Amino acid sequence: MRTFKTVVVTGGAGFIGSNLIHYLFERPDFDGRIVNLDALTYAGNLESLADIQQKHGGSRYFFEKVDICDRNAVERIFDAYCPDAICHLAAESHVDRSILGPEAFIRTNVMGTFTLLDVARGAWSGRTDVLFHHVSTDEVFGSLGETGCFTELTPYDPRSPYSASKASSDHLVQAYHHTYGLPITLSNCSNNYGPYQFPEKLIPVMILNMLEGKPLPVYGDGKNIRDWLYVEDHNSAVWTVMTSGRVGQTYNIGGENEWENIRLLDCLIGLVAEESGKDVSALRSLITYVKDRPGHDRRYAIDCSKLKRELGWKQSLGFDEGLRRTVRWYLDNPAWIARVRSGEYRTWMERNYGSR
Ligand code: NAD
Ligand code: DAU
């Protein structure tokens, strides 16, 4: 099993990254340092890590406000901290935004990943005791019909600017391994949910709109299918791959937990009603079918048997329990919600979606 002294987490102020940093500091067997490298875009929020900063700041936790496209700044991080691992999460991550403005996705996801890889190649030349782990998505595989699952051998078929940019970054990661021998691992995961998720993604949008009595916007016929995984289970899988995965390999990560959007919403309505005391039928009456997302992928489902078989990983949390924890978290954290919605995000939402 690999151990690391200094892990650079890119995108550590985002949803999965901030959960990953919490997860690692809670692991009794992790005694290294974490450098959170994040540009703090609209999606990055240091408040998600206030407890970590207080407990470990300056000793085992360091924040660096850095754009991954800025080569000089990334080189400075390598010089200053001499990391032996990178867990690369920084990205533009929202499909709807990629449709409205693809350029930022190409810049960060493609050029940013290239910049990180190229700096790592220079700094780690000839070393085999280091690792570049790339966190990617199942969306690179395209859309499924009614049956079957994505495996690691499924051909890439990205269909949105977001997934095309992630596919491109995956290929660059593999290319740096094959061409330059950079030690890499890669993981492609399905839809995450849990605490600290930015309220532009389905589950937090729906929870917050229910709490505020706003319409619940269901795209198209509501029958698109996603495979949901609790964020901590994603992070335990990422760490399993980083510490035990075979170098050069890709591992699929998934919940084995497929839900039609409309069925998921129905379940969420029940939980929000139970946890908040709101009336179920009043919440149901908020469901509003809206214009579909252009090019909306119909179904994603992950076959994660390679990860289970080779590395012994498994999901730990049932969907009911995970969703309930998530609902509770949003109910218990109004200050976090107010803050993330008060800045650039609100302006962007209003510009593109009106008051919805
Ligand atoms: P997020 O949008 O919540 O967070 C992204 C973070 O990256 C933010 O903190 C942001 O400030 C930072 N960032 C953006 N551009 C940057 C730049 N140029 N330089 C430095 N930092 C920058 O995203 P997330 O949902 O936490 O996703 C994290 C990663 O996981 C992404 O690579 C995404 O593609 C992948 N992923 C996400 C999911 C999911 O369901 N959310 C599933 C599979 C894979
Ligand atoms: O599959 C992994 C991917 O999951 C990640 O790579 C992405 O970063 C992440 O954003 C997520 O992408 P999706 O497009 O699947 O997630 P989103 O939450 O945007 O949408 C989930 C489903 O819900 C999708 O079918 C669109 C639908 N939807 C979404 C929103 C925001 C709605 O019906 N209404 C909404 O308001």
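## Ground rules

A residue is called buried when its relative accessible area is under 20%, exposed when that value is over 50%, and partly exposed in between, using a 1.4 Å probe and the protein chains only. At 2% relative accessibility, Phe105 therefore counts as buried.

This is a predicted model, in which local features need pLDDT of at least 70 and side-chain atom pairs count only at pLDDT 80 or more, while totals for chains, interfaces and linings use all residues. Residues are numbered from 1 along each chain as its sequence is written, chains are lettered from A and ligands numbered from 1 in the order in which they are written, and side-chain values use heavy atoms, with hydrogens and water left out.

## The surroundings of ligand 1

Let's start with the ligand. It is surrounded by 28 residues, and Ile16, Asp38, Ser93, Tyr162 and Lys166 are the closest; a residue is near a molecule if one of its heavy atoms lies within 4 Å of it. Sorted by class, this shell holds 14 nonpolar, 11 polar and 3 charged residues. Here Ala, Val, Leu, Ile, Met, Phe, Trp, Tyr, Cys and Pro count as nonpolar, Asp, Glu, Lys and Arg as charged, and the others, Gly among them, as polar.

A polar backbone atom of Gly14 is 2.9 Å from one oxygen atom of the ligand. Polar side-chain atoms also take part: one of Tyr162 lies 2.6 Å from a ligand oxygen atom, and one of Lys166 lies 2.6 Å from a ligand oxygen atom. On its own, ligand 1 has 840 Å² of accessible area, and the protein covers 96% of that; accessible areas come from the Shrake-Rupley method with a 1.4 Å probe, and for residues only the protein chains shown count as cover. Helix H1 (15–26), strand S5 (131–137), helix H6 (161–180) and strand S7 (191–193) each give two or more residues to the shell, and the largest share, 3 residues, comes from S5. Helices (H or I, at least four residues) and strands (E, at least two) are DSSP runs, numbered from the N terminus.

## Aromatic pairs

Tyr162 turns up again among the rings. The structure holds 20 aromatic pairs, meaning rings of Phe, Tyr and Trp (its six-membered ring) whose centres lie within 6.5 Å, with planes under 30 degrees apart counted as stacked, over 60 as edge-to-face and the rest as tilted. One of them joins Phe105 and Tyr162 edge-to-face, at 6.3 Å centre to centre and 85° between the planes. Phe105 lies in helix H5 (residues 103–123) and Tyr162 in helix H6, so this pair ties together parts that are 57 residues apart in sequence. Tyr162 is buried, with a relative accessible area of 9%.

Another edge-to-face pair is Tyr193 with Trp228, at 6.5 Å centre to centre and 75° between the planes. Tyr193 sits in strand S7 and Trp228 in strand S9 (residues 225–230), 35 residues apart, so distant parts of the chain are linked. Both Tyr193 and Trp228 are buried.

## Charges over rings

Terms used. A polar contact is a pair of N or O atoms within 3.5 Å; within protein, one must be able to donate a hydrogen and the other to accept it, and residues adjacent in sequence count only if both atoms are side-chain atoms.
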